[in-house]
Amino acid sequence: MLWQRHRRGELSLDEVWDYWDALEESPLLMGEVLPLMTLATEISANSGCIIYDALFVALAESEDTVVVTADGELLNALEGTPYAKRGAHLRDAASVLPHH
C-alpha cells in the first residue's frame with residue numbers, strides 16, 4: 001500500500017522509508033492463516049471487505065491489537081461492525097501502538 005501511494009504521488013520516497021523504519025521498530029506479529037479463516041470469513045461477511053484484508057483483522061482480533069493501514073477502503077468497510085476497533089489509519093499509528 002505504501003508503494004501504491006508513492007506511485008500515485010501521495011508519498012515521497014523518503015516518507016515511504018520513514019514508514020518502513022517505524023514499522024521495523026514496532027511490535028509486529030506474524031501468524032498462521034488456517035486458524036484465522038473462520039473468523040476472517042465472519043469479518044468479511046459482516047463488513048464486505050475482501051478475505052485477504054479480513055485475515056489481518058482476524059489476526060488483530062485474536063491478538064487483541066489493531067491493524068495499522070493506509071487502506072481507507074478497509075477502514076470504511078469495518079465501520080459499524082464489531083471489528084471497527086481493530087483498524088487504525090497509518091497516520092494514527094503512534095497513538096495506537098504500544099510504546100516501549
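Is Glu15 exposed, partly exposed or buried, and at what relative accessibility? In the predicted model examined here, Glu15 has a relative accessibility of 36% and therefore counts as partly exposed, since this class covers values between the 20% limit for buried residues and the 50% limit for exposed ones.

Aromatic contacts were considered next. A pair of aromatic rings is described by the distance of the centres and the angle of the planes. The search of the whole structure returned one aromatic pair, formed by Tyr52 and Phe56, with 5.2 Å between the ring centres and 80 degrees between the planes. Because an angle over 60 degrees counts as edge-to-face, the pair of Tyr52 and Phe56 is assigned to that class. Both residues belong to helix H4 (residues 51–62), in which they are four residues apart, or about one turn of the helix. As to accessibility, Tyr52 has a relative value of 52% and so counts as exposed, whereas Phe56, with a relative accessibility of 40%, counts as partly exposed.

A further position examined was Asn76, a residue of helix H5, which comprises residues 72–78. Asn76 counts as exposed because its relative accessibility is 51%, the limit for this class being over 50%. Between Asn76 and Gly87, which are 11 residues apart in sequence, the C-alpha to C-alpha distance in space is 9.6 Å.

Methods. Residues are numbered from 1 along each chain as its sequence is written. This is a predicted model: local features need pLDDT of at least 70, side-chain atom pairs count only at pLDDT 80 or more; totals for chains, interfaces and linings use all residues. Side-chain values use heavy atoms; hydrogens and water are left out. Rings of Phe, Tyr and Trp (its six-membered ring) pair if their centres lie within 6.5 Å; planes under 30 degrees apart count as stacked, over 60 as edge-to-face and the rest as tilted. Helices (H or I, at least four residues) and strands (E, at least two) are DSSP runs, numbered from the N terminus. Buried means under 20% relative accessible area, exposed over 50%, partly exposed in between (1.4 Å probe, protein chains only).
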